[in-house]
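Subject: Structure handover

Hello,

Here is the structure I promised you. Please open it first, then read my notes below.

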Amino acid sequence: MTAPATEFSILGPVQVRAGDVRVGPRERAVLARLVLDANRVVSVDRLIDAIWPADPPASARSQVAICVSRLRRSLGTASTVIATAPPGYMARLGDESADWPRFNTLVARGKARAAAGERSAAVGLLREALSLWRGAPFEDLPGLRDDAARVHAARLDAIELCAELELQLGLYDRVLKELPVVVAEHPLRERARAQLMLAQYRAGRRADALRSYQDARRALVEQIGIEPGPELRALHEQILRDEPRLTQDVPREPAAVPSQLPRQPVPFAGRAAELSDVDAALAQPSGVAVVSGPGEIGKSALALHWAHANAAQFPDGRLYAQLSDDTGRPVPVDRVLARFLTALGVAVPADPDERVDRYRTAVADLRLLVVLDGAVDAAQVRPLLPGGAGTRVLVTGRDPLDDLVVRDGAAGVFLAPLSTEESLGLLELLLGRSWVSDDPREAGRLVATAQGFPLPLRMAAATAGSERRARGRLTSVSA
């Protein structure tokens, strides 16, 4: 089985999620500091401050080097993400490798969608970002206390932006479920308090809204000796007067139909028998087909060709997920579920098991196609299988996933190399029929070299076409 991808999590207790990786408290401080400043150089002095916020030892600089060495050794094959970069070190991390960069990217995308007026999509992205949190960051790392406050403030800002958009969409139940906890923990956050008051009022709980204001005023006066700000006071006055604008209807956005299919590789040739096999497999009661075969045989191309050709059969949407990264490691299932729920306009819960339940509930009555590309094993696919009769799932992978066939009723479709006729047909589409007919020997050589594998044939055709165009340019210049 392929080794699991390494993930660095700091939105909660610092963790390295890959096998049995354990790091000591000093190494956790170094790792947290590097992840916080991912893809930027962190000086040794800042790492010293992270480990020893006061009175560092005289040997602090050499001890930092030892910590980094231990951390790299603990990470094993993932140690290459920590690079030496004078005057310190740098963690080279993408959004898929660490939760803090992923959180910031999702929030930025949510803000962009909100600015474009796409409120439902923005809420989905913000909910996905908030689902990354697992607890209070850096509680056991005193050298990162200021950073903990900054990270936590970013979370509160995202919560308040999400609540604002949900209020605009009329989703008062969501706001009423989350914000009471927020204002209880942060009684001086006036924006959150105003949002809670508005949600209570619009839900018909006028007395609760007025009580929330009095609680806010009491906290502000007792803790910092000031009255509520003008916006909170104005909202209080509007609630007292029952101003009509507080309950005016908010125009609802039409529900977006998810359509996540990537572009299909073109041109596409042959595979008539295999496409017919997929038709038959997805007509079975399980509605699950597993397309397997060796690398570069065209599994993804076949799946996407079938999906695009049959998209009209699935009016409620087409979901797509790449289940392995560029190194062949599996993508975490809970992340795929978060993206699916976001595309479906459903709030993303933090608990992984609850994500499975909510996903299956959301798609139970839909006519939906789910394409799971590059599956590593059956255990990765099983949580992503919907239970509704109207859904169809098309899985690709090098492994035939026999366990999925045996236990879940999936039907297998194996891809063999293209025949010589199919390879020549693809070559004609790539280079033109005249090119193949003018030079049948070269065409035969390209087909024989590719051995029925579409991707190598496409690459060989691209090279041959470029060489012929170059020769044509030289001939025209010499003439």
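Start with strands β8 (residues 369-373) and β9 (residues 392-397), which pair in the parallel sense over four bridges. Two strands pair if DSSP finds at least two bridges between them. Helices (H or I, at least four residues) and strands (E, at least two) are DSSP runs, numbered from the N terminus. V370 stands opposite V393 in β9.

This is a predicted model: local features need pLDDT of at least 70, side-chain atom pairs count only at pLDDT 80 or more, and totals for chains, interfaces and linings use all residues. Residues are numbered from 1 along each chain as its sequence is written, and side-chain values use heavy atoms, without hydrogens and water.

Now the whole sheet. It is open, with five strands in the order β7-β8-β9-β6-β10 and parallel pairing. β7 (318-322) and β10 (411-414) are the edge strands, each pairing on one side only. From one strand to the next, the twist averages 15°.

Next, the helices. α5 (residues 119-130) and α6 (residues 145-168) pack at about 150°, with axes 9 Å apart. Axes are lines fitted to C-alpha atoms, for helices over the stretch in contact, and angles run from 0 to 180 degrees between N-to-C directions. So α5 is roughly antiparallel to α6 (angles over 145 degrees count as such). Their contact (heavy atoms within 4.5 Å) includes L126 of α5 and L161 of α6.

Best wishes

Terms used
Parallel < 35°, antiparallel > 145°, perpendicular 65-115°, else oblique.
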